[in-house]
Amino acid sequence: MATPGQWIAGARPRTLPNAVVPVMVGTGVAIGEGGFVWWRALLALLVALALQIGVNYANDYSDGIRGTDDQRVGPMRLVGSRAATPRQVLTAALSCFAVAAALGLALVLVTRAWWILLVGVACIAAAWFYTGGKRPYGYRGLGEVAVFVFFGVVPVVGTTYVQTESLSWAALFASIPVGLLSCSMLVVNNLRDVGTDGQSGKRTLAVVLGAQRTRALYVACQVLPFVVALAMMAVTPWAALALLAAPLAVTPIRAVLGRAVGPALIAVLQQTGKLQMAYGLLFAVGLALVF
């Protein structure tokens, strides 16, 4: 039986900025628009965290039963390492999705926006079919597209909406750099595993593009958020606060362009998460100061 430490490792804590940052930025927009509701923001955060951990366990389960994780460079996987049974990991994933659904339903009842139910179903379906099902889209080079949508656009716009109860153009634009930074996490993760993924038949975007183009994609995902922050100065000059996070992008970009491979990219993943958190916090503060 897996230890508590192994279950925590299986939840992939380094990916949690993908859940936290969109809620921070969406809340920043809500504050700037005068609609901040702290407990709704907290519920949105819990939904995002439950979905992120759920998708991590679901990927562990699906990749594990396919044998994709039998030869790994990165952190351990519960099923692939035989630390937990597939059934246990599947139960953990479904439990997380159930928690996310229950908390999301509470937000639906409060806002009376029943269309959010469809968004919630889409989020859970996207989480499962990334590596689950007979034709997982993550094996077809579409993972980054889904990450941009479901860890960028949807949570930022959704977090703002459940607080202000109105759709916001500012939230939509603010979701672009958030989605790009979330994509950069997946890009570097897939770059690390490009060799083993290709051998196991998992055609991620990194496998399709090749290592050199994937490195260029990573740099683009790191640089473009700062370009968007400059553009968002048209909404509030305080959006420029996000530029203070730029020095944190130098080391991981330098490592990726320096052709870091395998275990060296684990450090890049950590550095990318730190950049994502710093950018998200500064950007959220800047958007909150719009008025």
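Read along the sequence, the chain follows the pattern α-α-α-α-α-α-α-α-α-α-α-α, and its secondary structure comes to 12 helices and 0 strands. Helices here are DSSP runs (H or I) of at least four residues and strands are runs (E) of at least two, numbered from the N terminus. The model is a predicted one, in which local features need pLDDT of at least 70, side-chain atom pairs count only at pLDDT 80 or more, and totals for chains, interfaces and linings use all residues. Residues are numbered from 1 along each chain as its sequence is written, and side-chain values use heavy atoms, with hydrogens and water left out.

Next comes the overall shape. The C-alpha trace spans about 50 × 45 × 30 Å along its principal axes. Of the 291 residues, 51% are buried, that is, under 20% relative accessible area with a 1.4 Å probe, counting protein chains only. Among contacts (heavy atoms within 4.5 Å) between residues at least 6 apart in sequence, 78% join residues at least 24 apart.

The structure holds 0 disulfides, a disulfide being a pair of cysteine sulfur atoms within 2.5 Å. For Cys 123, the nearest cysteine sulfur is that of Cys 96, 15 Å away. Cys 123 is buried, with a relative accessible area of 14%. For Cys 183, the nearest cysteine sulfur belongs to Cys 221, 5.3 Å away, and Cys 183 is buried at 6% relative accessibility.

Definitions and conventions. Buried < 20%, exposed > 50% of the residue type's maximum accessible area, 1.4 Å probe, protein only.
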